[in-house]
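Let's take a friendly walk through a structure together.

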Amino acid sequence: MSRDRMPTEHDRFDELAVGWALHALEPEDEAVFTRHLPGCERCARTVLETSDVMAAMAADLPAAEPSEELRRRLAAAVGETEQVHPPERRIAPAPLHAAPTDDGLRAPTLPSPRQPRWRRTLPMSLVAAAVAAILGLGVWNVVLAQSQQNLQSTVAEQSQVMNALLSPGQAAIAPLSDNGRTVATVVAHSRRVDVVTNGLAVNDAASSTYVLWGMQGNTPVALGTFDVAQPRMDLRTVGSGQTGLDHYSTFGISIEPGRQAPVKPTKMVALGEVTS
Amino acid sequence: MGAVSRPARPPQSGSEDDDLVRRIRAGDRGAVDDLYLRFRRPAFALARRILADDALAEDVLQDVFLSVWRDPGAYDRARGSFASWLLAVVHHKAVDAVRREESQRRRTALAQEDMELSAPVAARDVDEEAWSRVVAEQVRSALGALSAPQREALTLAYYGGYTQREVAALTDTPLGTVKTRMLAGMRRMKEALGGATAGGALDAAIEGPAR
């Protein structure tokens with residue numbers, strides 16, 4: 001904490017940002033920070049600055065030369081390894097705001113017309129981050145409840161959720177929040193959308209339903225309905241039978257009377273943009 | 001010693017990195033070799049410092065450079081210079097490896113060494129070039145600008161690969177204090193290094209295209 005000024009709420013994240021860049025966070029801190037980082041320019045900057053300082057520290061190590069054999073091994077491995085994407089389709093994920101830079105590597109990374117900006121193959125690191133964020137929430141809730149039994153059953157549930165989320169292919173991830181609190185995470189594949197709810201109120205499945213909406217400009221399109229049976233983390237899959245579900249850049253969730261999706265949402269309870 | 005053998009490298013070497021990344025993205029396998037030749041020394045120095053084992057350090061290097069080839073899009077220019085990013089990846093993988101490989105006993109023994117090494121070192125065998133001496137000097141004096149506990153916290157995490165909680169245990173300090181020290185230490189380092197961070201300091205250890 002600074003001695004010069006009153007500590008602010010964000011100070012904690014400044015500290016976590018440094019620990020994150022140093023790969024020195026405990027898992028629970030890592031989960032908290034992984035949730036916080038997307039969209040926080042200040043933390044993005046702190047991570048960047050820490051990486052620069054770390055790189056400088058690397059310059060102050062005894063000089064050392066790896067063996068010639070390593071160079072040969074690497075060349076052989078590169079010769080046998082294909083790149084994950086054809087180069088022309090490469091799109092750099094940019095969850096952090098781009099600093100104003102010159103030209104750069106952005107030029108050759110133009111998205112092809114059939115591939116919208118936000119739709120791209122899910123990098124494993126991102127999946128891991130999303131899963132960490134989701135699981136972080138779940139475990140957090142249970143730890144608060146102090147129940148070992150709950151923890152075990154939650155871990156079992158979580159591994160199912162994780163397996164579903166980690167199914168290969170392209171997907172878009174959008175955390176949906178209600179007043180700044182993430183209550184659901186949408187993982188949109190082409191033909192289905194997984195909704196991980198966490199903290200949405202349990203609805204009366206006899207007289208109401210949740211509806212997932214994809215936003216086309218300002219026009220919401222109903223993608224499917226689902227129920228929330230428990231306030232803890234849960235996975236619901238909606239929209240089977242449709243395609244192009246990962247082409248929306250914004251998703252929302254509304255709670256509706258009756259069991260059908262209306263033409264327009266009555267009341268949005270969570271909204272969020274695709275971050276990946 | 002005599003005249004400095006060559007002038008300070010211009011601060012534009014980041015564009016060489018960008019060119020290499022561009023070539024790798026275009027599917028040029030030879031660019032990986034160039035990238036390797038350019039970064040092998042600082043990458044290896046860092047990995048073996050963390051792992052205290054040359055063979056494991058070489059495995060980490062192969063893993064890192066191969067992963068850059070496989071998915072060059074993992075580097076996003078918006079996240080800073082390529083050099084900083086690459087060394088952060090080396091650091092990350094080396095720390096993962098050390099956590100996998102090393103017995104607790106050995107780690108604890110090394111911790112003592114880490115703490116001793118955290119003191120600024122007066123003379124190390126960095127006699128590659130006058131330039132790299134100058135830069136290492138800058139980094140060393142920046143480390144010297146930290147308070148001893150700040151230096152200890154940062155070096156244990158960075159060179160030692162310890163988590164914040166491990167650093168707290170090793171230094172017998174509350175976890176919250178360790179977190180605060182790392183942040184304050186990082187900020188002071190950044191100030192002390194000024195423009196000499198990655199863009200400058202690291203260049204000392206990176207090979208130019210001529211070699």
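Helix 1 of chain A and helix 2 of chain A are roughly perpendicular to each other, a label given to angles of 65 to 115 degrees, while angles under 35 degrees count as roughly parallel, over 145 as roughly antiparallel and the rest as oblique. Their axes lie 10 Å apart and the packing angle is about 105°. Here, axes are lines fitted to C-alpha atoms, for helices over the stretch in contact, and angles run from 0 to 180 degrees between N-to-C directions. Helices (H or I, at least four residues) and strands (E, at least two) are DSSP runs, numbered from the N terminus.

Before we go on, a word about the model: it is predicted, so local features need pLDDT of at least 70 and side-chain atom pairs count only at pLDDT 80 or more, whereas totals for chains, interfaces and linings use all residues. Residues are numbered from 1 along each chain as its sequence is written, and chains are lettered from A and ligands numbered from 1 in the order in which they are written.

Which residues bring helix 1 and helix 2 of chain A together? On the helix 1 side you will find A:Phe13, A:Leu16, A:Ala17, A:Gly19 and A:Trp20, and they meet A:Asp29, A:Glu30, A:Val32, A:Phe33 and A:His36 in helix 2. Two residues are in contact if their C-beta atoms, placed from the backbone, lie within 7 Å. By class, this contact has 6 nonpolar, 2 polar and 2 charged residues. Ala, Val, Leu, Ile, Met, Phe, Trp, Tyr, Cys and Pro count as nonpolar, Asp, Glu, Lys and Arg as charged, and the others, Gly among them, as polar.

Now turn to another partner of helix 1. The axes of helix 1 (residues 11-21) and helix 3 (residues 41-58) of chain A come within 8 Å and cross at roughly 40°, so these two helices are oblique to each other. The contact includes A:Phe13, A:Ala17 and A:Trp20 of helix 1, and A:Val47 and A:Met54 are among the residues from helix 3. Its classes are 8 nonpolar, 3 polar and 1 charged residues.

Between helix 1 and helix 2 (27-36) of chain A runs a loop that holds A:His23. A:His23 has a positive phi of about 55° although it is not a glycine. Most residues other than glycine have a negative phi. Is A:His23 buried or exposed? A:His23 counts as buried because it has 20 C-beta neighbours inside 10 Å; the cut-offs are 20 or more other C-beta atoms within 10 Å for buried, 12 or fewer for exposed, and partly exposed in between, with C-beta atoms placed from the backbone.

Look for B:Ala52 in the loop between helix 2 (30-51) and helix 3 (54-70) of chain B. With 17 other C-beta atoms within 10 Å, B:Ala52 is partly exposed.

Back in chain A, let's visit the strands. Strand 2 (residues 181-188) and strand 3 pair in the antiparallel sense over 5 bridges; two strands pair if DSSP finds at least two bridges between them. A hairpin joins the two through 4 residues, and A:Ala184 stands opposite A:Thr197 in strand 3. In strand 3 (residues 193-197), 5 of the 5 residues are buried, so the strand is largely enclosed by the rest of the structure.
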